[in-house]
Amino acid sequence: LSSGINAEYGGFNEAISIAPEVASLYNNRAQLYRLLNQIDNASDDIETALRLSGGKGKTAMQAYSQRAMVHVLNKNEEAARLDFERSAELGGKFAACQAAKLNPYAKLCNEMLEKAMQELQ
């Protein structure tokens, strides 16, 4: 780890040791893990953030989006869509856009529209 990332990682661990019941700390550390491609660690922290947040509020909104991104990495579009929808229900604008892109009906409509446009050209 670079010194900046190592310091950030150490800061999250210290904060969690002081306040282990604060969901956002786990969610923030999960984002760092995800960026470092430590998906198993990220998933563990995301689940902890969701459990501690009770699936409600800003932290849950962000954690659902993060878990959806992990599902995208694992090529599980249906699970990703469901988590993006959960995040969107909590106010996540990015999640709402992503959920719409993964919606099978929207995909089919876009494919049909694209095909029709190609035929017109």
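Tyr 33 sits in helix H2, which spans residues 23-35. The model described here is predicted. Tyr 33 counts as buried, because its relative accessibility is 6% and the cut-off for buried is under 20%.

- Tyr 33 reaches back along the chain to Tyr 9. The two residues are 24 places apart in sequence, and their C-alpha atoms are separated by 8.8 Å.
- Beyond its neighbours within four places in sequence, Tyr 33 is in contact with Tyr 9, Gln 38, Asn 41, Ala 42 and Asp 45.
- Ala 23 also belongs to helix H2. Its relative accessible area is 11%, so Ala 23 is buried.
- Setting aside residues within four places in sequence, the contacts of Ala 23 are Ala 49, Leu 52, Ser 53 and Thr 59.
- Ala 23 and Gly 54 are 31 residues apart in sequence, yet 9.2 Å separates their C-alpha atoms.
- Asn 28 is another residue of helix H2. With a relative accessible area of 30%, Asn 28 is partly exposed.
- From Asn 28 to Ile 46 the C-alpha distance is 8.9 Å, across 18 residues of chain.

- Ser 53 is part of helix H3, residues 39-53. Ser 53 counts as buried because its relative accessibility is 17%, and buried means under 20%.
- Which residues does Ser 53 touch, not counting those up to four places away in sequence? They are Ala 23 and Ala 60.
- The contact with Ala 23 links Ser 53 to a residue of helix H2.
- Gln 62 lies in helix H4, residues 57-73. At 31% relative accessibility, Gln 62 is partly exposed.
- Gln 62 and Leu 50 are twelve residues apart along the chain. Their C-alpha atoms are separated by 9.4 Å.

**Two loop residues with positive phi**

- Most residues other than glycine have a negative phi.
- Asn 37 is not a glycine, but has a positive phi of about 65°. Asn 37 is found in the loop between H2 and H3.
- Is Asn 37 buried or exposed? Asn 37 counts as exposed, because its relative accessibility is 59% and the cut-off for exposed is over 50%.
- Lys 75 is not a glycine either, and has a positive phi of about 60°. Lys 75 lies in the loop between H4 and H5.
- At 74% relative accessibility, Lys 75 counts as exposed.

**Asp 83 in helix H5**

- Asp 83 lies in helix H5. Its relative accessibility is 1%, so Asp 83 counts as buried.
- Which side chain makes a polar contact with the side chain of Asp 83? The partner is His 71, at 3.3 Å.
- Leaving aside neighbours within four places in sequence, Asp 83 is in contact with Tyr 64, Arg 67, Ala 68 and His 71.

**How H5 meets H6**

- Two packed helices are described by the angle between their axes and the distance between the axes.
- For H5 (residues 77-89) and H6 (residues 93-102), the axes come within 8 Å and cross at roughly 145°.
- The H5 and H6 crossing is left-handed.
- From H5, the residues in contact are Glu 77, Ala 80, Arg 81, Phe 84, Glu 85, Ser 87 and Ala 88. From H6, they are Phe 94, Ala 95, Ala 96, Gln 98, Ala 99 and Leu 102.
- By class, the residues of this contact are eight nonpolar, two polar and three charged.

- Ala 95, Gln 98, Ala 99 and Leu 102 are buried in H6.
- Why do these buried residues line one face of the helix? Seen down the axis of H6, they fall within an arc of 100°, so they line one face.
- Ala 95, Gln 98, Ala 99 and Leu 102 are also among the H6 residues that meet H5.
- The face of H6 turned away from the buried side carries the exposed residues Lys 93 and Lys 101.

Conventions: Residues numbered from 1 in each chain as written. Predicted model: local features only at pLDDT ≥ 70, side-chain atom pairs only at ≥ 80, totals over all residues. Heavy atoms only, no water. Axes fitted to C-alpha atoms, helices over the stretch in contact; angles between N-to-C directions. Helix = DSSP H or I, 4+ residues; strand = E, 2+ residues; numbered from the N terminus. Left-handed = near helix turned anticlockwise from the far one by under 90°. Contact = heavy atoms within 4.5 Å. Nonpolar A, V, L, I, M, F, W, Y, C, P; charged D, E, K, R; others polar. Buried < 20%, exposed > 50% of the residue type's maximum accessible area, 1.4 Å probe, protein only. Polar contact = N/O pair within 3.5 Å; in protein donor to acceptor, adjacent residues only side chain to side chain. Arc of directions from axis to C-beta.
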